[in-house]
Amino acid sequence: MRSAPKKKGTAAAKKSRKTKGPRSKAKSLRGDSERGGGGGSSDDGTDNGPYCLCRGPDDHRWMISCDVCEDWFHGQCVNLSKEVGERLVERFVCPNCTDGRKNYTKYRKMCSLSGCRNPARLYTASLEDRSVFCSDEHCDAWWASMIATLPTKAASKTALEVLTQEDLVGLLIATADKGGWKLGDKPFGNIEGLWASNGLPTRPNVLSEEEQAFLQASAAERLALGNEIVQYKKMMQLVDWANSRRQRAVEAGKFAKESCGYDFRLDTVSARAQFAAWLETPEGQAVFKAGRLEAPLSPFLLDNGNNNNNNSDDDGGGGGGGGGGGGDGGGGSSVPDTRDPAIRGTCDRKRCKRHFSWYKVHMGVVRVLVKETATAAAAKLEAESAMRSAAEARYERRQLENHYVEVLSED
């Protein structure tokens, strides 16, 4: 079976990034002769269409094909010149198919040299050959035009701190053997080994007294914030260990699944000063040495008036250390916790309202504290880095310009 005849005319062959098979979009007048027909001269042939928005014929004006509907359109009807269509259109989508999201006409980036309408070399297979210019000649011409905007040394003798044409050319030549100087590289502030591990300079006269005092104070504050984060991490460990202890008690049958299981050693969590003091006690040191929560070392006293022996759905009254073992529901006397070591020092109430969702609440509060502390430390570090960068650039520039101050008299 013979292929369908190619459409006659003078439309440009649209090259698509996506290949959908060996089909040609070029308009040709060879169709009649290839079919063996007896048609006369192809120069006199006319394709009546209809095509384009105007639904007119191929009247030998330049045309372009839509990549979506594959219809042909006169360049004049879609406001597209032949030069732009053939050189800069990456994918043409007609007005009927344009939706502004998936289907729209894509253009290639033009050469960065003013006045050039050729596509830039951004679409080559090799990354090394890619450029925002269409050719190396236009790249050189762009640089020459940029250098020409700078004053010469002869014209800037009386000016201070002016970049001249000779300075820029010398900078480009001096760095050519080092991989080239790129726009965006810092001209100053590239001294290796200028800063010690403590954040202070290894050379004199880099920082002022005020800057050095600021960096030292900021570093001390960051160290304190880091110690706070370490404490918060230990708080989270303690909460995890308390939750693991509750799960072990449930598995051992000491607790029901509805039992609270809150360990009263968590009372200091989120209170940094109290938690730091608890860490220094024998109890705190033993817990973190063992890496898990067991029965308290010291005798634990229960508020006898606040315990309901696993049968209460409410909190059973106010203050104190919370609920625990058995009691008669009477006054507020305290009794030793003589329960099984697996649950000693914990709240054994079912559906306890006082410690409702204690694991999520404690972990959420501590995570917020960690985030706030880390943000404060990062802000201080950023301020220190900005001060060091400015001091380094100032120091290097002062060394290159060889500026100095001489005190002639103390009067």
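1. Two strands pair here if DSSP finds at least two bridges between them. Tyrosine 51 sits opposite glycine 56 of β2. The hairpin of β1 and β2 has 4 residues between the strands, and cysteine 52 there has a positive phi near 70°.

2. Before going on, please note that this is a predicted model, with local features needing pLDDT of at least 70 and side-chain atom pairs pLDDT 80 or more, while totals for chains, interfaces and linings use all residues. Residues are numbered from 1 along each chain as its sequence is written, and side-chain values use heavy atoms, without hydrogens or water.

3. Now the whole chain: it has 8 helices and 8 strands. These are DSSP runs numbered from the N terminus, with helices (H or I) of at least four residues and strands (E) of at least two. Of its 411 residues, 32% are buried (under 20% relative accessible area, 1.4 Å probe, protein chains only).

4. Contacts are heavy atoms within 4.5 Å. Among those in the chain with a separation of 6 or more, 55% join residues 24 or more positions apart.

5. Have a look at arginine 246, which lies in helix α5 (residues 209-251). Leaving aside neighbours within four places in sequence, arginine 246 touches residues including Phe255, Cys260 and Trp358.

6. How far away is the nearest side chain of opposite charge to arginine 246? That side chain is glutamate 258, 7.3 Å away, and arginine 246 is buried yet has no salt bridge (a side-chain nitrogen of Lys or Arg within 4 Å of a carboxyl oxygen of Asp or Glu). Lys and Arg count as positive, Asp and Glu as negative, with His and the chain ends not counted.

How values were computed: Buried < 20%, exposed > 50% of the residue type's maximum accessible area, 1.4 Å probe, protein only.
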